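Here's a quick briefing on the fold, the surface and a couple of residues worth a look. Have the model open as you read.

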Amino acid sequence: MCQHMFVITGAPGSGKSSLLEALARQGIRYMPEAGRAIIQDQMAIKGSALPWADQSLFAELMLNWELRSCREARAIKEPVLMDRGVADVLGYLTLCNLPIPDHVKRAADQYRYNRQVFIAPYWAEIFGQDAERKQDRAEAEATYHVMARTYAELGYELIQLPLASIEERAAFVRKHILG
């Protein structure tokens with residue numbers, strides 16, 4: 001387990017990326033989200049590893065991304081935030097009603113983060129869709145619930161992010177990770 005690695009997970013469109021960017025401006029390192037980058041890359045090359053084309057292949061690419069991010073973050077000595085984690089792949093497969101391969105379960109067991117995981121609830125007032133985020137409101141809310149259940153079942157303690165300004169959220173996270 002890597003005590004200095006803190007996951008931020010939750011609903012799509014709930015302000016996670018904006019929060020991480022604000023914390024980065026304050027000097028806290030983070031590892032970027034897999035999903036959006038994979039979608040951008042796959043769209044650029046007309047690939048099929050997309051959540052609306054081949055969900056299983058998309059999940060495998062996300063798993064590989066998260067494993068690489070975990071290895072990179074282990075080399076960082078100070079606290080580092082993870083924009084989602086290995087367990088999110090498990091949650092994604094659950095959300096899609098796809099079988100969870102044994103290697104994904106093993107990865108979630110072997111690649112552990114700080115016990116405290118920040119979770120961003122669905123937030124209707126800021127939710128939005130774009131070229132990479134095609135989930136509707138119902139799927140965004142369902143994602144939040146699946147991620148909460150997935151991380152809890154893996155023994156993580158969930159800390160819900162407040163529905164507050166980016167500055168207030170950043171202060172909340174800083175207090176938890178820096179003391």
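The protein chain exposes about 8600 Å², with carbon and sulfur atoms supplying 51% of that; accessible areas here come from the Shrake-Rupley method with a 1.4 Å probe, and for residues only the protein chains shown count as cover. Keep in mind that this is a predicted model, where local features need pLDDT of at least 70, side-chain atom pairs count only at pLDDT 80 or more, and totals for chains, interfaces and linings use all residues. Residues are numbered from 1 along each chain as its sequence is written, and side-chain values use heavy atoms, with hydrogens and water left out.

**Fold and dimensions**

- The protein chain has 7 helices and 5 strands, taken as DSSP runs numbered from the N terminus (helices: H or I, at least four residues; strands: E, at least two).
- Starting at the N terminus, the order is β-α-β-α-α-β-α-α-β-α-β-α.
- The radius of gyration is 15 Å, close to the 16 Å the globule rule gives for 179 residues, so the protein chain is as compact as a globular protein of that length. That radius is taken over C-alpha atoms, and the rule is 2.2 Å times the number of residues to the power 0.38.
- Along its principal axes, the C-alpha trace spans about 45 × 35 × 30 Å.

**Packing and charge**

- Of the 179 residues, 49% are buried (under 20% relative accessible area; exposed is over 50%, partly exposed in between; 1.4 Å probe, protein chains only).
- Take the contacts (heavy atoms within 4.5 Å) between residues at least 6 apart in sequence: 75% of them join residues at least 24 apart.
- There are 21 positive and 22 negative side chains, and the centres of the two sets lie 4 Å apart. Lys and Arg count as positive, Asp and Glu as negative, with His and the chain ends not counted; each charge is placed at NZ of Lys, CZ of Arg, CG of Asp or CD of Glu.

**N114**

- Look for N114 in the loop between helix 5 (102-110) and strand 4 (116-120).
- N114 counts as buried because its relative accessibility is 8%.
- Its side chain reaches the backbone oxygen of Q3 at 2.7 Å.
- Not counting residues up to four places away in sequence, N114 touches C2, Q3, M5, F6 and Y156.

**Y144**

- Y144 sits in helix 6 (residues 137-153) and, at 13% relative accessibility, counts as buried.
- Leaving aside neighbours within four places in sequence, Y144 has contacts that include G10, A11, I119 and Q160.

Key:
Polar contact = N/O pair within 3.5 Å; in protein donor to acceptor, adjacent residues only side chain to side chain.
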